[in-house]
Amino acid sequence: MMRAFSLSILVAASFSAVVPTSDARATIVQRAVTSETGTVMPVVFDTVSGLEWLSPTATLRRTVNEVEGGADGWTTQGFRYALAEELIALLGNVGVNTTPDPLYGSITADSVAEVSAVQELIGIW
C-alpha cells in the first residue's frame, strides 16, 4: 500500500468506516493512524489508487523541510507529499468530474457535494 500527503496531505492506516461513493467507482475507507509521537490522525484509503491520505491537520504549522525531516514521524511511517495528479485522481475516483470547466478552467460546480464529502473525510473542515 502506498502512502502520500499533498502539501500537508500524507497517507497511512488503522480504524475502518467504509463509505461507498456515489458512482461506485471506488470505496473510501476511513481510518485513524497514530504517529511515532502518539498523535492520532484520520486517514482515507482510496481502493482504486491504493493510496492512503493523511489529514492535512497532521502537518499544520510545520514547514515542508520539517515534515520531510521526520517531524512527528509521518515520513518514517511511509508518508510522502502527493503529486497534484494523485489528488486529482482521488477526486475522480470518488465521482468528482475532474474535467476542467471550459469557461473557468476549474472543477465544475456540479461536483461540490463530492468535493465537500472528500474534504470532510480527510479532515479538512
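1. Of the 125 residues in the chain of this predicted model, 42% count as buried. The accessible surface amounts to about 6,700 Å², and carbon and sulfur atoms hold 58% of that area. Among contacts with a separation of 6 or more, 53% are between residues 24 or more positions apart.

2. The mean pLDDT over the chain is 74, with 69% of the residues scoring at least 70. Among the elements, helix α1 (residues 64-68) has the highest mean, 91, whereas strand β2 (residues 17-20) has the lowest, 40. Across residues 6-24 the pLDDT stays below 50, although this stretch has 73 contacts in the model beyond near neighbours in sequence. Where pLDDT is low, the predicted coordinates should not be read in detail.

3. The chain contains five strands and three helices, and their order from the N terminus is β-β-β-β-β-α-α-α.

4. The pairing of β3 with β4 comes next. Strand β3 (residues 27-34) and β4 run antiparallel and are joined by seven bridges, with alanine 32 standing opposite proline 42 of β4. Five residues lie between the two strands of this hairpin, and there glycine 38 adopts a positive phi near 95 degrees.

5. Strand β4 (residues 40-46) is mostly covered, since five of its seven residues are buried. β4 also pairs with β5, again in the antiparallel sense, over three bridges, and in this pairing phenylalanine 45 stands opposite glutamate 52 of β5. The hairpin of β4 and β5 has four residues between the strands, and glycine 50 takes a positive phi near 80 degrees.

6. Which residues make up the largest nonpolar core? This core has 12 residues, namely Ile28, Val44, Leu51, Trp53, Ala82, Leu90, Leu91, Val94, Val96, Val118, Leu121 and Ile122. Two or more residues are given to this core by each of β5 (51-54), α2 (84-93) and α3 (112-122), and α3 supplies the largest share, three residues. A second, separate core has seven residues, including Val33, Val43, Trp74 and Phe79. As general background, nonpolar side chains in soluble globular proteins tend to be buried together.

7. Isoleucine 28 belongs to strand β3, and it counts as buried because its relative accessibility is 2%, under the 20% cut-off. Isoleucine 122, leaving aside neighbours within four places in sequence, is in contact with Pro42, Val44, Trp53, Leu54, Ser55, Pro56 and Leu90.

8. What is buried in α2? The buried residues there are Glu86, Leu90, Leu91, Gly92 and Asn93, of which Leu90 and Leu91 also belong to the largest nonpolar core. In general, an α-helix has 3.6 residues a turn, so residues three or four places apart point the same way. After α2 comes glycine 95, whose phi is positive, near 100 degrees.

Conventions
Residues numbered from 1 in each chain as written. Heavy atoms only, no water. pLDDT = per-residue confidence, 0-100. Contact = heavy atoms within 4.5 Å. Buried < 20%, exposed > 50% of the residue type's maximum accessible area, 1.4 Å probe, protein only. Areas by Shrake-Rupley, 256 points an atom, 1.4 Å probe, with all protein chains shown as cover. Core = buried A, V, L, I, M, F, W, Y, C linked by side-chain atoms within 4.5 Å. Pairing = 2+ DSSP bridges.
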